[in-house]
Amino acid sequence: MIPGQRNRREPIDYDRVLYRERNIVERSIGWLKQGHRMATRYEKTAASYPGFVLFAAARQWLRNHFANVHTP
């Protein structure tokens, strides 16, 4: 689903929508891995790991949401 290079003689067909969605998923995983706690997984139980992933995702959403809000 990755598009070929522009100078390719025979262009490869790809689904633009699926490629865009794949890019969003890869970027999300990338910023999760930026946190060292996510990369090294310091949680002791398997149940606490998904909770921390949700917490990190909520934190990132709040950061992005309030970055666009301007205070007077």
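Reader: Which pattern does the chain follow, read along the sequence?

Author: This is a predicted model, in which local features need pLDDT of at least 70, side-chain atom pairs count only at pLDDT 80 or more, and totals for chains, interfaces and linings use all residues. Residues are numbered from 1 along each chain as its sequence is written, and side-chain values use heavy atoms, with hydrogens and water left out. Helices (H or I, at least four residues) and strands (E, at least two) are DSSP runs, numbered from the N terminus. The chain has three helices and zero strands, and read along the sequence its pattern is α-α-α.

Reader: What share of the residues in the chain is buried?

Author: Buried means under 20% relative accessible area, exposed over 50%, and partly exposed in between (1.4 Å probe, protein chains only). Of the 72 residues in the chain, the buried ones make up 8%.

Reader: Which residues of α3 are buried, and what arc do they cover around the axis?

Author: Helix α3 comprises residues 48–67 and reaches 28 Å from its first C-alpha to its last, close to the 28 Å expected at 1.5 Å a residue; the expected span is 1.5 Å times one less than the number of residues. The buried residues in α3 are Phe52, Ala56 and Gln60. They lie on the same side of α3 because their arc, taken from the directions from the helix axis to the C-beta atoms, is only 75°.

Reader: Which residues are exposed on the other side of α3?

Author: An α-helix has 3.6 residues a turn, so residues three or four places apart point the same way. On the other side of α3, the exposed residues are Leu54, Phe55, Trp61 and Phe66.

Reader: Which residues form a nonpolar patch on the surface, and what is their accessible area together?

Author: Patches are made of residues with over 30% relative accessible area and no salt bridge, with like charges joined within 9 Å and nonpolar side chains (Val, Leu, Ile, Met, Phe, Trp, Tyr) within 5 Å. Tryptophan 61, in helix α3, counts as exposed at 54% relative accessibility. The patch consists of Trp61, Leu62 and Phe66, with a joint accessible area (Shrake-Rupley method, 1.4 Å probe) of about 360 Å².

Conventions. Salt bridge = Lys/Arg side-chain N within 4 Å of Asp/Glu carboxyl O.
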